[in-house]
Amino acid sequence: MRVVIVEDAEQVAEWASARIAELVTRQPKVVLGLATGGTPVQTYRKLVERSRAGLDVSQVTTFNLDEYFRVAATEPHSYRSFMNEHLFIPAGIPLAQTHVLDGMTTDVGGECRSFEAKIQRAGGIDFQLLGIGRDGHIGFNEPGSSLSSRTRWMLIAEETREDNAVYFGGIDRVPCSALTMGVATILESRQILLLAVGAKKADAVAAMIEGPVTNQVTATALQHHSNTIVVMDQDAAKKLTRRRYYQESEVRRVEFGLGSY
Ligand code: GLP
């Protein structure tokens, strides 16, 4: 796991958008796995700016990590609406190339299997963007999820619903469950970039990077992935015991001409 500690949320977004832009330029038909939540919003804003400045995203294919269960795509709080608003429409990614699980499905197993099959048909996910929950979850893989899990229905933990209450105007309005890519589905991505911002993520970040692999913190499964980068701000990094080592590693990387991306 490569650990990159930058100053603040703005720099996290700059780092992530530059990396994604570079990937799309090199590989215009790249398959991107995308995340929702507050963390990637600034990254998406910067990608929209880059597309307005000439970055061509018209050939990318996308798969989103998760969607609220029993929330229609057309509802303002659906993750489909979030992605359309923050990235797909303003950046000009054709909606037919974007895939978000259908939270209104009446056949959960069929919807989840078909989503996995679409990922396979697209040739797998080249690059997966992730955030992290306060309890260390990725996607909606809450504590207790199998680290071999595939796309499925999950009950959302109380703590996660509390965190998401701000987007819904109260915890009672936050859906209680979701469809989510599984941990194993995520680990099959060729490259993973996890973003973490703010002091409330510090415990989860420390557990993910320096703790033992456990299904109680599903992000720890990323320790088994050979091409994962975690980019965070100073606040999210503050509980890391080997912080100086990670920072020196980034300085040396540049000194040896290995590039900062
Ligand atoms: C939700 C999403 C996750 C996201 C997490 C953190 O649970 N399913 O994919 O990483 O929230 O969200 P935020 O970035 O708002 O802190």
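Author: The model is a predicted one, in which local features need pLDDT of at least 70 and side-chain atom pairs count only at pLDDT 80 or more, while totals for chains, interfaces and linings use all residues. Residues are numbered from 1 along each chain as its sequence is written, and side-chain values use heavy atoms, with hydrogens and water left out.

A pocket here is an open set of points on a 1 Å grid over the protein atoms alone, where a 1.4 Å probe fits and protein lies on both sides within 12 Å along at least five of seven lines; a lining residue has an atom within 4 Å of a point. Points are joined across faces, edges and corners, and the volume is the space filled by probe spheres set on them.

Among helices (DSSP runs of H or I, at least four residues, numbered from the N terminus), α3 gives the most to this second lining, with four residues, and α5 also supplies at least two. By class, the lining divides into seven nonpolar, six polar and one charged, where Ala, Val, Leu, Ile, Met, Phe, Trp, Tyr, Cys and Pro count as nonpolar, Asp, Glu, Lys and Arg as charged, and the others, Gly among them, as polar.

The largest pocket holds about 530 Å³, and of the 31 residues lining it, Gly37, Gly38, Thr39, Ile132 and Lys201 are the closest to its centre. Here α5 (158-168) is the element that gives the most, with five residues.

This largest pocket is the space taken by the ligand, in the sense that more than half of the molecule's atoms lie within 2 Å of the grid points. The ligand is surrounded by 14 residues, each having a heavy atom within 4 Å of it, and α5 supplies the largest share of that shell, three residues. Polar contacts are pairs of N or O atoms within 3.5 Å: a polar side-chain atom of threonine 39 lies 2.5 Å from a ligand oxygen atom, and a backbone N or O atom of glycine 38 lies 2.7 Å from an oxygen atom of the ligand. The protein covers 93% of the 390 Å² of accessible area that the ligand has on its own, by the Shrake-Rupley method with a 1.4 Å probe.

Terms used. Polar contact = N/O pair within 3.5 Å; in protein donor to acceptor, adjacent residues only side chain to side chain.
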